[in-house]
Amino acid sequence: MTRQELIQHIYEKKSFLCVGLDTDLKKVPQHLLKEEDAIFTFNKNIIDATAPYCVAYKPNLAFYEAFGVSGMISFEKTIQYLKKSYPDHFIIADAKRGDIGNTSAMYARTFFEEYNVDSLTVAPYMGEDSVTPFLGYTGHWVILLALTSNKGSHDFQLTTSTDGERLFEKVLRVSQQWGNEENMMYVVGATQGSMFKDIRKVAPHHFLLVPGVGAQGGSLEEVCKYGMIPGECGLLVNSSRGIIYASNGEDYARVAAEKACELQQQMAVLLES
């Protein structure tokens, strides 16, 4: 998917919502466990319910790899269902890959050739040669970790060099020599609040994938105030637990749709303003 296509979908649907598919069998409605593939059944019903209100889905690979071969079959079925039934939705494989060049090249082949997802989250801390293999696929995106929403982000990402540059700012600055606004995004956690203003000083035009709205307490209004690009949006805001686990009863899909709709309505106002 191109940048312009993504922007078009955002403004057509008046939404920049990404639904995270962090499917945990300990949290899904327990009546689903009698299904042959409970993970895929849950995902399918969540997707069908929330598709009108979002522009992207983000399955987190850890929740599928934890179940070995059967979990990866569920992941593949989810990707295939999205591509067949909702081809205009942007698919993010949240795998946080990144290794020496030849290993990264195999990861890139896995996700961009075998699964053919639109984008992949990548850890940049092994440097340029660990990232560039992912950037050789036209129409696919690399989403680099920049400033995350977890408590431990302060351990390294906010450390400052002798010239006053913080580590996340160096990641943003240097990585723009590897990719561009058409094939590279950045992960910035919603809980970082006004730090989006600093992000935009270094990366004014790149799309940002923003986890942490909802269950983690990030403010959608604050994210948009400091991070939105006028006329282009420039944001994909992810909500996982706050949508998919809003109910653990048989009404889980309907309640997920209601939560996604609430966020979409807030986003529509923010896009217009």
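## A buried aspartate and its partner

Asp-94 is buried, with a relative accessible area of 7%, where buried means under 20% relative accessible area, exposed over 50%, and partly exposed in between, with a 1.4 Å probe and protein chains only. This is a predicted model, in which local features need pLDDT of at least 70 and side-chain atom pairs count only at pLDDT 80 or more, while totals for chains, interfaces and linings use all residues. Residues are numbered from 1 along each chain as its sequence is written, and side-chain values use heavy atoms, with hydrogens and water left out.

The side chain of Asp-94 meets that of Lys-96 in a salt bridge of 2.7 Å, N to O, a term for a side-chain nitrogen of Lys or Arg within 4 Å of a carboxyl oxygen of Asp or Glu. Lys-96 counts as partly exposed, at 43% relative accessibility.

## Other salt bridges

By this rule the count comes to 13 salt bridges. Glu-165, which is buried at 18%, forms one of them with Arg-173, the closest N and O atoms being 2.7 Å apart, and Arg-173 is partly exposed at 39%.

Arg-166 and Glu-169 also meet through their side chains in a salt bridge (2.8 Å, N to O). Through shared partners, salt bridges join Arg-166, Glu-169, Asp-198 and Lys-201 into one network.

## The barrel

Eight strands, paired in the parallel sense, close into a barrel in the order S1-S2-S3-S4-S5-S6-S7-S8; strands are DSSP runs of E with at least two residues, numbered from the N terminus, and two of them pair if DSSP finds at least two bridges between them. Strand S5 (residues 141-147) pairs with strand S6 (residues 184-188) over five bridges, and Leu-145 has Val-187 in S6 as its bridge partner.

Definitions and conventions: Helices (H or I, at least four residues) and strands (E, at least two) are DSSP runs, numbered from the N terminus.
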